[in-house]
Amino acid sequence: MTEPNGSTLQKPDTDEPNTGLGTMLQAARPGSQEPPETRGRTTIADGVVEKIAGIAAREVPGIHALGGGFTRTMGAVRDRVPGGHASAGRGVKVEVGEKQTAIDLQVVVAYGVSIREIAAEARENVIAAVERMTGLEVVEVNIAVNDVHLPDEDTLEAGQDRVL
């Protein structure tokens, strides 16, 4: 079964003299009048949006870490394994459609900061970064604050004992 490809082959009229230059091919390809950016399809994986959102959220002062307790624990173990590296998408879950995306963040905030202000700033930063880099419309950014990081927790994380 053959289908027309949209090209039109113009045959010379029998009344016109044949000049020996061959036949005239008129290329009427579908979409040739469309701009290049509309020809074809681009798909963006969920992991790409997760990384962009994770990096953008971490840029906000007052956000100590992303992820829940178990996620952070497993991430810390993975970071210490030779060849392992921190995941930029840790603590981020996304749903990506063809034109829109929804993002869920699990964050740990530093003690003393306004959670409402941090959440608003993180939401703005994530939306701006994802929309600018992907062209997807961010319909929502849900933020769950799972923990508050206390300044004295830094010494415990560094491996020092509480009791001397």
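**Helix Packing and a Cavity in a Predicted Model**

Good morning. Helix α1 passes helix α3 in a right-handed crossing, meaning that the near helix is turned clockwise from the far one by less than a right angle. Helices here are DSSP runs of H or I with at least four residues, and strands are runs of E with at least two, numbered from the N terminus.

The model is predicted, and local features need pLDDT of at least 70, side-chain atom pairs 80 or more, while totals for chains, interfaces and linings use all residues. Residues are numbered from 1 along each chain, and side-chain values use heavy atoms, without hydrogens and water.

Which residues of α1 and α3 make the contact? Helix α1 supplies Val49, Ile52, Ala53, Ala56 and Ala57, and α3 supplies Asn125, Val126, Ala129, Val130, Met133 and Thr134; contact means heavy atoms within 4.5 Å. These residues divide into nine nonpolar, two polar and no charged. Nonpolar covers Ala, Val, Leu, Ile, Met, Phe, Trp, Tyr, Cys and Pro; charged covers Asp, Glu, Lys and Arg; the others, Gly among them, are polar.

I turn now to the cavity. The structure holds one cavity of 30 Å³ or more. A cavity is a set of points on a 1 Å grid over the protein atoms alone where a 1.4 Å probe fits but cannot get out, and lining residues have an atom within 4 Å of a point. The lining of the largest cavity consists of Ile63, Val107, Val109, Ile115, Ile118, Ala119, Ile143 and Val145. Two or more lining residues come from each of β5 (100-110), α3 (115-134) and β6 (137-149). Helix α3 gives the most, with three residues. The lining has eight nonpolar, no polar and no charged residues.

Conventions. 1 Å grid on protein atoms, 1.4 Å probe; cavity = no way out; pocket = protein on both sides within 12 Å on 5 of 7 lines; lining within 4 Å. Points joined across faces, edges and corners; volume = space filled by probe spheres on them.
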